[in-house]
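Hi,

Here is the structure I promised to pass on.

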Number of protein chains: 4
Amino acid sequence: MDLDQLTRRLREFASERDWDQFHTPKNLAMALVGEAGELTEIFQWLTPEDSARIMEDPATAQEVQNEIADVFAYLLRLADVLGIDIAAALTGKIALNEVKYPAALARGTAVKYDKLRTEH
Amino acid sequence: MDLDQLTRRLREFASERDWDQFHTPKNLAMALVGEAGELTEIFQWLTPEDSARIMEDPATAQEVQNEIADVFAYLLRLADVLGIDIAAALTGKIALNEVKYPAALARGTAVKYDKLRTEH
Amino acid sequence: MDLDQLTRRLREFASERDWDQFHTPKNLAMALVGEAGELTEIFQWLTPEDSARIMEDPATAQEVQNEIADVFAYLLRLADVLGIDIAAALTGKIALNEVKYPAALARGTAVKYDKLRTEH
Amino acid sequence: MDLDQLTRRLREFASERDWDQFHTPKNLAMALVGEAGELTEIFQWLTPEDSARIMEDPATAQEVQNEIADVFAYLLRLADVLGIDIAAALTGKIALNEVKYPAALARGTAVKYDKLRTEH
């Protein structure tokens, strides 16, 4: 299914259950950050290296996949109820970031990252 | 652009800037929840009713669209580095939820919501 | 127990279990936002009015209390490993906010809130 | 200032500005997770080792301290409007965790952490 089909499927799912009353932008934003928090918890005690191997354990892989699906579901619902074209929003943002972080300058010494790193 | 194209575009964007070293699953999960938190902040003091009218103000609408794009970008990057087919993950989750919340039973008195509501 | 005693108790708890190795600031920040996300989930489908009555249901009240304790625990651990005096940090921030949001001006039409509300 | 004094100070601060109307538990939970998200963003691209040295840079140290103060402020406000004794909630939770993670068993091979780590 493509983005439009997924969005429509989620809209029908909510509508069939009379859940639109709960799906205000405020509530959906909360649900989204709650699911993002659950996703974070899977990675919180792992080293970055261990986090890169997380899909090797089938049970954890399934858990990660479920949480990613939950975040995606609420993100698409939120964009839908707000009337936002999420693919267009992202391509617009990428175009802005092309200007903000030129590849030639950003290589290696990316300001975006370096400004957050302590000197030592 | 469809999901595959967006994913590929974001992959190239990171690669051109040599940012793959920062894009461990752990770091991307943090970036995702951070952006989700920023999205939440836009809605935190609004009534649910006001939140439904948020796109009427052009400046706020742009802000919401930017934050949604940021969440989407990190979500797609995370799925990509983990090798997860995000559309398949979501359709799988919807199929599970069809069983978990049957439309006939979930209408109006949805357990999912009622269990979280205090009696009064 | 006061703040110092709670901080010391949590430090001992981690030390007795050899968990200091996991308690880097990065990991503790993740754990904190994860617990904050769980707290958010309790409130996500409630109306603001229902959220104000949440302590009337004993089981939910206990759940809320547990999540608040979890957030508090990771917040104190994080401040501790960073060497931050959290009471001093908060009193300093309150002093700044006294200047930023003068009571005389902020009453009713608080800019902090109004700037986030759509006109209608 | 101790916990009670900080809580009272924050209560007065909100009351003087007529902000109690915004401080529903639902809204405060959102504000809390939003600030926790901002805190997370400071650490997201750092290695765990770099995160442990973050206070060496004065500007970043101040930023971390501010975010920790913001999280603490909303946490205390939330506990206050819910009528929760946050120190008692935390000591209760520590007592439960003493049973759940006995020091003798949790040392080194802590189940809490190991269950989240992939084998390799």
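H2(C) and H2(D) cross in a left-handed way (left-handed if the near helix is turned anticlockwise from the far one by less than a right angle, right-handed if clockwise). Helices here are DSSP runs of H or I with at least four residues, numbered from the N terminus. This is a predicted model, in which local features need pLDDT of at least 70 and side-chain atom pairs count only at pLDDT 80 or more, while totals for chains, interfaces and linings use all residues. Residues are numbered from 1 along each chain as its sequence is written, and chains are lettered from A and ligands numbered from 1 in the order in which they are written.

Back to that pair: the axes of H2(C) (residues 25-43) and H2(D) are 9 Å apart, at an angle of about 160° (axes are lines fitted to C-alpha atoms, for helices over the stretch in contact, and angles run from 0 to 180 degrees between N-to-C directions). The two helices are therefore roughly antiparallel, the word for angles over 145 degrees. Among the residues that meet are C:Met30, C:Val33 and C:Phe43 from H2(C), and D:Met30, D:Val33 and D:Phe43 from H2(D); contact means C-beta atoms, placed from the backbone, within 7 Å. By type, the contact has 16 nonpolar, four polar and two charged residues (Ala, Val, Leu, Ile, Met, Phe, Trp, Tyr, Cys and Pro are nonpolar, Asp, Glu, Lys and Arg charged, and the others, Gly among them, polar).

Within chain D, H2(D) also packs on H4(D) (residues 58-82): their axes come within 9 Å and cross at roughly 160°, which makes H2(D) roughly antiparallel to H4(D). That crossing is left-handed too, and its contact residues are 16 nonpolar, one polar and six charged.

Over in chain B, H4(B) has 25 residues and spans 36 Å from first C-alpha to last, close to the 36 Å expected at 1.5 Å a residue (1.5 Å times one less than the number of residues). Just after H4(B), B:Gly83 has a positive phi of about 70°.

Now for chains A and B. In their interface, 60 residues of chain A are in contact with 60 of chain B. H4(A) gives the most to chain A's side, with 13 residues, and that side divides into 40 nonpolar, eleven polar and nine charged residues.

A rotation of 180° with 0.0 Å of shift along its axis superposes chain A on chain B, RMSD 0.0 Å (least squares on C-alpha atoms of residues with pLDDT of at least 70 in both). The two copies are thus related as by a two-fold rotation axis. The same surface serves both, as 100% of chain A's contact residues recur in chain B.

Cheers

Key. Contact = placed C-beta atoms within 7 Å. Parallel < 35°, antiparallel > 145°, perpendicular 65-115°, else oblique.
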